[in-house]
Amino acid sequence: MDLTTSDDQQALQEMISRFAADRFDIDTVRAFGEPGGFDRAAWAELAELGTFGIALPEDAGGVGLGTIDAVLVHEALGAGLVPGPLVAATLAAGLVDGVIDGSVVPAVLDRPAHGPVVVEHLRDADVLLVVDGDGVSKVDTAGLAGTVLPHPTDPVTPVTLLDAVPTGERVAGPEVAAAWRRLGSVLASAQLVGLSEASTAVAVDYAKERQQFGRPIGSFQGLKHLLADCYMRTEVARSAVWSAGVNIDEPEPGDIDRAVAAARLMAARAATENGKTGVQVHGGMGFTWEVVAHLYLKRAWVLETQFGNPDDAAELVALKVAG
Amino acid sequence: MHLRDTPEEATFRAELRAWLAENVPKLPPEPDHTDWPGRRAYESQWQRLLFDAGYAGINWPVEGGGKGATPGEHLIYLEEASAAKAPEVTVGFVGQMHAGPTLIAEGTPEQKAHHLRGILDGSHVWCQGFSEPEAGSDLASLRTRAVRDGDHYVVTGQKIWTSNATVADYCELLVRTDPDVPKHKGITWLIMPMDLPGIEVRPLVTAHGTAEFAELFLDEVRIPVANRVGDENDGWRVANVTLSFERGTGFVGEMLDTTNLMKELVAIAEVTPKGAGTAWDDPGIRRELGQIAAELDALWAYTKRNVSAGAKGGLPMGSGSAFKLSYAGVVQRLGDLALRILDRASLAMDDVDGRPTAAQVHGRLHAFAVSLGGGTSQIQQNIIAERVLGLPRER
Ligand SMILES: Cc1cc2nc3c(=O)[nH]c(=O)nc-3n(C[C@H](O)[C@H](O)[C@H](O)COP(=O)(O)OP(=O)(O)OC[C@H]3O[C@@H](n4cnc5c(N)ncnc54)[C@H](O)[C@@H]3O)c2cc1C
């Protein structure tokens with residue numbers, strides 16, 4: 001048993017964080033959401049780092065690392081607010097030519113049981129992959145009729161409303177679909193952990209600087225305790241997500257679906273609660289478009305719905321406990 | 001990172017599991033929560049079995065008489081013991097989690113020789129005399145006075161919330177040896193035999209109606225200087241050696257037992273009529289249970305992270321506080337959910353309708369022991385905010 005990162009894994013996370021900070025500064029991040037703002041050159045540079053093929057075998061063009069390494073990469077991507085269909089690209093990199101090097105941009109849709117068909121990043125995608133219980137289907141986006149919604153909740157995550165789930169060409173069977181659902185969920189959860197940590201860090205910095213009543217607002221216990229809870233939630237969630245990531249690589253110690261669902265619950269709670277705290281700690285500035293606090297929260301709201309929402313995850317864990 | 005057992009760990013687990021399966025059934029029925037002498041006898045009997053089998057002091061170093069298990073083996077031990085419903089460590093807690101490890105780290109050879117074996121084989125029970133009526137969260141402001149008189153300290157003062165004091169043989173006692181220096185610098189750590197003249201133990205009844213802790217009134221108790229652990233006035237540092245040990249894995253066994261309590265609650269919900277079906281058919285109840293179970297799973301993963309980090313070089317700052325803060329929250333939510341499921345069966349701390357409901361009501365009350373004892377949740381938040389996040393102190 002060892003649930004700590006190795007030196008190599010820490011270096012991997014640092015590399016992604018550094019790249020995110022350099023190449024995806026906040027203006028670049030925001031620009032991605034603008035119409036026509038998807039920067040394919042930046043996306044290809046991200047791909048060049050091995051980001052999407054991190055857990056694919058080397059003979060498939062990947063880096064040959066494990067799911068847990070992909071988890072660590074996505075944690076760093078989430079913390080950096082890196083935009084684009086990161087989960088979709090990581091899932092599709094082994095299946096659709098060109099995704100691994102960033103030249104083909106995918107979007108993914110986990111077929112909803114009911115409700116509207118809203119797809120993230122379809123606006124910028126070359127190919128749509130639809131996942132359901134029977135397998136994965138590939139849909140050419142050229143002929144797809146849909147409406148790009150003008151006011152996405154997360155300004156950096158464009159969303160398209162489709163009339164119906166499109167049918168495409170079946171490119172993988174049920175095992176791949178099941179694996180995608182697990183991996184997709186864990187990677188989104190990993191990004192949620194990154195968001196939790198980063199939104200807390202931004203709020204802590206602000207709390208140390210902003211003065212009211214002649215002292216930093218971070219000296220007020222009302223804020224201290226909110227921020228301490230943020231730290232707690234992040235670390236608890238990180239533990240669950242790492243554990244689920246390792247569990248995918250080593251299936252025997254536990255129930256993978258339970259681990260994935262528990263990870264989603266903890267990560268969604270951490271990212272949304274910490275995101276809200278981040279806005280609150282910034283006061284009136286937190287409610288402005290200009291201050292980044294809202295972007296962490298909004299991204300969290302997007303990601304917590306990907307490959308299983310918290311309610312479904314809670315239901316699954318409960319049924320597993322009952323056996 | 002990996003979670004699967006190494007071949008050595010798998011062997012350790014298999015042997016332990018077989019041993020537990022053979023030995024747990026040898027125990028008599030567990031005494032009532034209110035019967036502390038009975039609990040002492042019961043736990044001591046179990047501890048003796050562990051000792052004879054070589055499982056006592058599982059994570060203590062070998063030179064202290066322990067098994068010197070790897071962190072992985074330690075967690076396997078906690079996991080298997082809980083799964084086998086082996087007795088919880090309650091009266092043995094202070095000896096095994098505080099006093100023993102402190103003596104191993106800081107005690108004299110004579111102190112080690114005299115005390116460690118008794119803790120390991122269950123014949124010595126310890127209690128912790130740290131808190132005082134005026135020194136709870138602000139522990140360092142403690143006032144119990146110790147005045148040197150030749151080979152003895154003469155100790156006068158009062159301790160409170162001393163768990164297991166009514167059945168303890170020894171007390172790890174913090175006393176003030178120098179009142180004229182800053183509060184952290186005048187404290188000394190003493191071993192107090194509980195049968196010395198001048199000690200009065202008055203049971204203090206808890207909110208769940210049992211005398212699990214007590215008040216200690218100390219009136220000129222003469223404690224030999226040879227019972228001092230560490231230097232005079234260095235007791236604050238020694239006390240923190242103890243506390244850091246507790247914050248590592250002290251609550252993990254209890255957390256695993258909480259997981260068992262949760263499973264029992266599910267079984268109750270499945271047979272508790274509600275509406276047209278049972279309480280378990282209520283999605284609101286199921287989801288809350290799912291949230292709680294997920295957090296307990298996550299805390300188990302957090303434990304693995306912390307223990308493996310500890311083995312590699314050190315527990316990350318704040319991890320013990322974050323663990324305890326989270327655990328305190330989730331155990332309270334479990335108790336709240338239990339009251340919802342029990343509905344009017346929660347009106348008694350007795351089993352109702354042939355269901356094991358009493359343990360659930362008891363569990364709801366016990367949850368406060370987690371958010372209060374060993375540093376309250378607010379104190380844990382202060383520690384995280386100031387020492388991990390670096391927020392400015394209030395004063
Ligand atoms: C079940 C149980 C078993 C125990 N066993 C033992 C034992 O065996 N030996 C022993 O020595 N002690 C024991 N204790 C005592 C325990 O350590 C103290 O109760 C605890 O440290 C809190 O101190 P207090 O009760 O004086 O509360 P106080 O310190 O008076 O706190 C009261 C309230 O004020 C809050 N508060 C205090 N200071 C701050 C601050 N700086 N910032 C924000 N909020 C603050 C607290 O969080 C709490 O909500 C036990 C307690 C319990 C409940």
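Contact here means heavy atoms within 4.5 Å. The model is predicted.

1. Extent of the interface. On that criterion, 49 residues of chain A touch 52 residues of chain B. The two chains bury about 4,600 Å² between them, with 62% of this area on carbon and sulfur atoms. Within chain A, the residues that lose the most area to chain B are A:Met1, A:Lys224 and A:Tyr231, which together account for 18% of what that side buries.

2. One of the salt bridges joins A:Arg269 to B:Glu295, with the closest N and O atoms 2.8 Å apart.

3. Elements on the chain A side. At least two residues each are supplied by helices H4 (67–79), H6 (174–209), H7 (221–249), H8 (256–281) and H11 (310–322), and by strand S9 (215–216). The largest share, 18 residues, comes from H7(A). By class, this side of chain A has 25 nonpolar, 10 polar and 14 charged residues.

4. Fold of chain B. Chain B contains 11 helices and 10 strands. Its radius of gyration is 22 Å, close to the 21 Å that the globule rule gives for 395 residues, so chain B is as compact as a globular protein of that length. The C-alpha trace of chain B spans about 75 × 45 × 45 Å along its principal axes.

5. Packing within chain B. Of the 395 residues of chain B, 54% count as buried. Among contacts in chain B between residues at least 6 apart in sequence, 70% link residues at least 24 apart.

Technical notes: Residues numbered from 1 in each chain as written. Chains lettered and ligands numbered in written order. Predicted model: local features only at pLDDT ≥ 70, side-chain atom pairs only at ≥ 80, totals over all residues. Heavy atoms only, no water. Buried area = accessible area lost by both parts, 1.4 Å probe. Salt bridge = Lys/Arg side-chain N within 4 Å of Asp/Glu carboxyl O. Helix = DSSP H or I, 4+ residues; strand = E, 2+ residues; numbered from the N terminus. Nonpolar A, V, L, I, M, F, W, Y, C, P; charged D, E, K, R; others polar. Rg over C-alpha atoms; globule rule 2.2 N^0.38 Å. Buried < 20%, exposed > 50% of the residue type's maximum accessible area, 1.4 Å probe, protein only.
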